[in-house]
Structure formats: C-alpha cells, structure tokens
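Let us take a walk through this model together. Please have the sequence and the 3D view open as you read.

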Amino acid sequence: MSIQKVSTRPFKDQRPGTSGLRKKVTTFQQPYYLENFVQSIFDVIGEIKGKTIVLGGDGRFYNREALQIIIKMAAANGIGRTMVGLGGILSTPAASCVIRKHGLLGGIILSASHNPGGPKGDFGVKYNIENGGPSPEHVTECIYKRSLEIDTYRFFDAPDVDLDQLGENRIGEMVVEVFDPVADYLQLMERLFDFDRMRGLLSSGEFNMVYDGMNAVTGPYARAIFERRLGAPPGTVINGDPLLDFGGIHPDPNLKHARELVEIMRSENSPDFGAASDGDGDRNMILGRRFFVTPSDSLAVLAANADLVPGYSGGLSGLARSMPTSMAVDRVAESMGIPCYETPTGWKFFGNLLDAGKVTLCGEESFGTGSDHIREKDGLWAVLFWLNLLAVKGESVERIVQAHWRKFGRDFYSRHDYEGLEADSANGLMSHLRDSLPGLVEKRLGNYEVEIADNFSYTDPIDGSLSTGQGIRIIFRGASRIVFRLSGTGTEGATLRVYLERYETDLERQDQDTQEALSDLITIANNIAQIRARTGREAPSVIT
Ligand code: VG1
Ligand code: CO
C-alpha cells in the first residue's frame, strides 16, 4: 500500500459540456483518461487536504471500476474522508443534498444522464461544488486548462473497497464511508411535502400511480419513497433495478424513450398518474390518463400552486427558466408580482440565483424542474410535488393543466431534435442562421412578424460573468418563438435542437394538437435554417 505519482500526458478533448465531461465508455477506458480528468479536478479546486467529498453514480457500465480508481486517487491526494453511495449508487439530486447537508467540499458524480449505457454506450464525470451544484463555467474552464498541461497524477495502490457493505474502510489516511444513498434525500423530501396526505391518497384504493425507474438510478429511491414510505402497492415502481446498460433503453423520460410507461398511461385502464426519471435522476416526465404535461407547463403549474405544498407555502421569491423553456412560467411570475429570470441552458446557471435567494423554483424544457432545496434539478422532487398537488386538489392531472391554460393562456410547445448530424453541416447551419439575423428583424414570415432576432447572451446578475452564443432566438410579436441551438451533451456528431412555441389565449383553440398548432412555425424554422438542404434530414429524430 503506497502513494504513487504516475507520469502521464494530457488529452486534448476534456472540455466539459453542458453537464460535465461526457464521452464514450471506450474513451474513458483508455489508459490515464479518467485519471487525468479527475487529477485535473483535484488540482484546481483549492485546498482539499483533510476535506470530505461524496462519490457515486447512476450505476451504468464502468461506474464501479471508475469509483475504485477515484477513491484511490482521492486518498493519494490527501482527501480526509470519502463518502460513497452503497453499491456505487447516488442520484445527482441526492449528491447535491448530501453535499449541502453535511457541508462537504464537493462531489464527483459519474453519469452520462439520459445517454445510453453499456460497453458501447456513454460515460460521464461531473464535479459539483460546495453549494451542491454543478461547477460554474469558470471552474470547468480551469479544470479543462489543467487537463491540457497535466503530466502526473496521484494514485494510492491499495485493494478495492467493498462498495456493497455499509460502513467505514480505510485507505492510508483516508476514511471511505459507504453510506445509504437514499436516507438523507428521503428526509429532505419529508420536510418539503405532505407525506401523510400523499399516503392517504395512495392507500385510498381510488388512486393509482406508476413510476418508471427506466432501469437507472432512481429505482431504489422510488421504491423507498412510494412503496415503502407512502404505502403504494409493490409494483408501482417499474424498471426499478439499476442495470449496467439500462436494459438497452435510453434512460430519457420522454414520449419516445419511456415507451412502456407511455403505453400504460394510454391504455383503457390507465392509472391516474404516471412519472419517470432519467439515468441520474434529475429529470422527470409527468403524465396523466392519456395526457402528457410538457415540462414547461409543469414548471408553470407547480409555481402557480406552490402555496398548497408545505415546503413552499411561505411564498416564492422568484422564478427562473432556461432561455428555450416556454414562457408559461413568466406569466405566473407576473401574476404573483415576482421576478422571472431567463438563463442559458444548463442547471449551473441557476446556481448563483438560488444561492442569492432570488429564485425559489426553476426549470428547463428538457424535463428538468427543481427548487432552492438543492442545487440540481430533481426528478423525484417534481413527481412528489405533483403527487402532493393531486392529493390536495383531488382533481385529475389533465383538469389541473387545463384550468391553468384557461387562466393564463396556453403555450403550445415542442422541441425537434436532429441527432447525429455531421458536425460541419450543423455548424454551417448555425453560422448561416447567425448571418441571417440582422435581415430578419421586423420581417414578416407568414402570419408572424419578427420582433427580436439575436444570439442569446447572459450576464449573471450576481457575479457579472458573461456567457455569449447561447442560442439563436427569433421572437415574434404576440409571444411566439423559434430557438435554435446545438446540444452540448452528445458524444456522436452534432445534435441540432429546434424549440417552437406559440401562445394561445383563445379558449376554443387551446385543444388543438400541438404539432398542428405549431405547423406554421415548423415551416418557418425549416425555411430560415434550411434544415432539409443542410442536414439532408426530412424529419427530426426525436419530437418532444
Ligand atoms: C441537455 C438539455 C439541458 C440540460 C442538459 C443536462 O443539454 O437540453 O437543458 O441541462 O441536457 O441534463 P444539451 O446541451 O444537450 O441541450 V442532464 O439530465 O444530462 O444532467
Ligand atoms: Co440527467
């Protein structure tokens, strides 16, 4: 047992994206690849000697191997204590909760979120800071710069730690504590939501729910919460065991990938409430009987009804959404007389606003919703929030959403993804769009008149940092929008995301099919971005 200093050479491709460093498993398996990135983190985060960090992941292929490497590197770098989730399991929101509750230095979460797993799938590493949230851009930039010049990493040569046994182990001076990854998180949820009321609903015999763990990290959390704590019958949680390859599915809770759940919710005897989370547990999809709640609407509905939930009955300080998220939540903020902030895509941009107490609830169109209880989006939190509302209101999911539209108007909303494009054609499309922006302002496109056409940039209201090039916005008079951006989480080629939104206050027209309601905007988007000609694609790969 000894500390080793291993000479290495830098890799050039370790710049973290929207949510950490995400690459193919095979990339991470290259000698020194994981080690270099982890050492780069330890090198730039300041004083680490004697401090405590938390580690865990979504259970995907290579999770356990990577954890053993990181544990031994932490010991060699002088970390005092490392907490690791039992079985290597730790959801992203639970990691954020544990960091905050125990005042830790930070945590390393191993996940590629909703990306597929397995030997040929994806893997990822993200570092969360002491507020429990993702590293802000200036930290990820330092990690990246360090990764370009690194020449040694530290490693403690010791036997593997048994991750399936709760309790304390030692590697050199460092204590490794294998802990229950559910307990602290469950306690936090019990403080925010009315568990007695939800238990009453679930045991009334008149209400059924189904929760899809998508063979990923949330299964153990969901069984503990819904089946054991809230008394829902066994079997309420489906696909509840974390599998190395997620059973071959993309653990992405949307209408395409959560197919099993969607079919259950469309069936004759559908349960009243359906929900799912993604690989690392930070996303959520909410379904009623034959009814889909868009994530943007979900955020707006939660905000509008927050006074019915114990954790938020004292009022909301402000709301926030990522730029491409629909403006439904803006209207709720306005009606409450509180501010609504518009940030770039990615949860890290909410961190400062939450820390400063300016925002209580926030969300993204990509099935991410959360609050100031932690510094990550939180899938099960959103599901519990909905369940609490359903228990208090005694109405169906569909009725709650329709009542919201009647009051605030409806934002028809859809995202069209073109996945696996050649990087050159995707970049060409975006630069063509950037060049067209000045010519679009004040122009009429079909029935729509362009009010603003720009490339979104954001100045953080707390620390003044500027983030540019965050997505092309075409805003039409009357609050309709088209937004274009390239994904920062993919591992193959490029993904173009086109976000479409149309605001409708006419009650008669609120029941239209979403794609029909947006058809004019879809045509306009295709024309101005020349999507077919430039990508060769006739249709998007995923519509959500
Ligand atoms: C996507 C979503 C974004 C989300 C990010 C991480 O990023 O659009 O809203 O914050 O994934 O989510 P991109 O750059 O591919 O559009 V997760 O569940 O991976 O932590
Ligand atoms: Co995720």
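Predicted model: local features only at pLDDT ≥ 70, side-chain atom pairs only at ≥ 80, totals over all residues.

Residues are numbered from 1 along each chain as its sequence is written, chains are lettered from A and ligands numbered from 1 in the order in which they are written, and side-chain values use heavy atoms, leaving out hydrogens and water.

Let us start with the sheet. Helices (H or I, at least four residues) and strands (E, at least two) are DSSP runs, numbered from the N terminus, and two strands pair if DSSP finds at least two bridges between them. Follow the order β11-β10-β12-β13-β14 and you will trace an open sheet of five strands with mixed pairing. At its edges stand β11 (237-238) and β14 (291-293), each with a single partner strand, so one side of each has no neighbour in the sheet.

Now look at strand β13 (residues 284-288), which runs antiparallel to strand β12 (residues 273-277) and is joined to β12 by five bridges. Here Ala-275 stands opposite Ile-286 of β13. Helix α13 (residues 379-393) packs on this sheet, touching β10 (209-212), β12, β13 and β14 (contact means heavy atoms within 4.5 Å). The direction of α13 makes about 165 degrees with that of β12; axes are lines fitted to C-alpha atoms, for helices over the stretch in contact, and angles run from 0 to 180 degrees between N-to-C directions.

Two hairpins involve β13. The one that β12 and β13 form has six residues between the strands, and Gly-281 in its turn has a positive phi of about 85 degrees. In the hairpin of β13 and β14, two residues lie between the strands, and Arg-290 takes a positive phi near 45 degrees. Three bridges join the antiparallel pair β13 and β14, and Gly-288 has Phe-291 in β14 as its bridge partner.

Is β13 covered on one face or on both? Both faces are covered, with Asn-284, Ile-286 and Gly-288 buried on one side and Met-285 and Leu-287 buried on the other. Buried means under 20% relative accessible area, exposed over 50%, and partly exposed in between (1.4 Å probe, protein chains only). In a regular strand, side chains alternate between the two faces of the sheet.

Next come the salt bridges, each a side-chain nitrogen of Lys or Arg within 4 Å of a carboxyl oxygen of Asp or Glu. By this rule the count comes to 35. One of them joins Asp-122 and Lys-24, whose closest N and O atoms are 3.1 Å apart. Asp-122 is buried at 4% relative accessibility, whereas Lys-24 is partly exposed at 21%.

Another salt bridge brings together Glu-449 and Arg-477 (3.2 Å, N to O). Glu-449 is in strand β21 (residues 448-455) and Arg-477 in the loop between β24 (472-476) and β25 (480-486), so the pair ties together parts 28 residues apart in sequence. Glu-449 is partly exposed at 24%, and Arg-477 is partly exposed at 37%.

Finally, a network of salt bridges links Arg-321, Asp-330, Glu-342, Asp-454, Arg-473, Arg-481 and Glu-501.
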